[in-house]
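Hi,

Here is the structure I promised to pass on. Have a look at it first, and then read my notes below.

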Amino acid sequence: MNVVDKIRYSGLKEDVADFAVGDGVKVYVKIVEGTTERIQLFAGTVIARRGTGIEETFTVRRVVSGQGVERVFPLHSPRIDRIEVVRKGKVRRAKLYYLRNKIGKAARVKELRTR
């Protein structure tokens with residue numbers, strides 16, 4: 001391995017939650033305000049995952065008082081405290097950008113049933 005690869009793989013987290021596109025997740029993000037640090041929750045549906053290794057990101061979408069909010073998180077960021085999978089979604093697409101045009105119940109993703 002060259003020096004760049006060593007730096008890339010040294011920053012990878014080992015305790016990353018196993019989630020996919022369509023899953024409902026809770027992302028706990030560390031927010032620094034001055035000298036204090038707190039954890040803020042961002043819950044929603046994963047609509048995209050892209051990249052590999054240290055550059056891997058995922059996009060979470062939720063609707064707040066009728067307005068859609070999307071946030072892109074680097075998967076291996078030290079600012080992410082933890083990721084909880086709330087529900088598994090049943091989808092047939094790699095990217096769920098079509099949810100941006102849906103309103104209300106139409107924007108839901110079916111839940112994957114496990115036996």
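**What I found**

Let's start with His76, whose side chain comes within 3.0 Å of the backbone nitrogen of Lys13. That is a polar contact, meaning N or O atoms within 3.5 Å, where within protein one must be able to donate a hydrogen and the other to accept it, and where residues adjacent in sequence count only if both atoms are side-chain atoms. Before going on: this is a predicted model, where local features need pLDDT of at least 70 and side-chain atom pairs need pLDDT 80 or more, while totals for chains, interfaces and linings use all residues. Residues are numbered from 1 along each chain as its sequence is written, and side-chain values use heavy atoms, with hydrogens and water left out.

His76 sits in the loop between S4 and S5 (strands are DSSP runs of E with at least two residues, helices are runs of H or I with at least four, and both are numbered from the N terminus). With a relative accessible area of 13%, His76 is buried (under 20% is buried, over 50% exposed, and partly exposed lies in between, using a 1.4 Å probe and protein chains only). Beyond its neighbours within four places in sequence, the contacts of His76 include Gly11, Val16, Ile54 and Glu56 (contact means heavy atoms within 4.5 Å).

Glu56 is in the loop between strand S2 (36-50) and S3, and is buried at 15% relative accessibility. Not counting residues up to four places away in sequence, Glu56 touches several residues, among them Arg49, Phe73 and His76.

**The rings**

How many aromatic pairs does a search of the whole structure find? There are three, where rings of Phe, Tyr and Trp (its six-membered ring) pair if their centres lie within 6.5 Å, and planes under 30 degrees apart are stacked, over 60 edge-to-face and the rest tilted. One of them is Phe19 with Phe58, edge-to-face at 5.0 Å between centres and 65° between planes. Phe19 lies in the loop between helix H1 (3-10) and strand S1 (24-33), and Phe58 in strand S3, so this pair ties together parts 39 residues apart in sequence. Both Phe19 and Phe58 are buried.

Phe42 and Phe73 are edge-to-face because their planes are at 65°, with the centres 5.8 Å apart. This pair links Phe42 in strand S2 to Phe73 in strand S4, 31 residues apart. Phe42 is buried at 6%, and Phe73 is buried at 3%. Ring pairs join Phe19, Phe42, Phe58 and Phe73 into a cluster.

Two arginines sit over these rings: the charged end of Arg49 is 4.4 Å from the centre of Phe19, and Arg71 is 5.9 Å from the ring centre of Phe42. The rule here is NZ of Lys or CZ of Arg within 6 Å of the ring centre and within 35 degrees of the ring normal.

**Salt bridges**

The count is eight salt bridges, each a side-chain nitrogen of Lys or Arg within 4 Å of a carboxyl oxygen of Asp or Glu. One of them joins Glu70 and Arg100 at 2.8 Å, N to O. Arg82 bridges to Asp81 at 3.1 Å and to Glu84 at 3.5 Å.

Cheers
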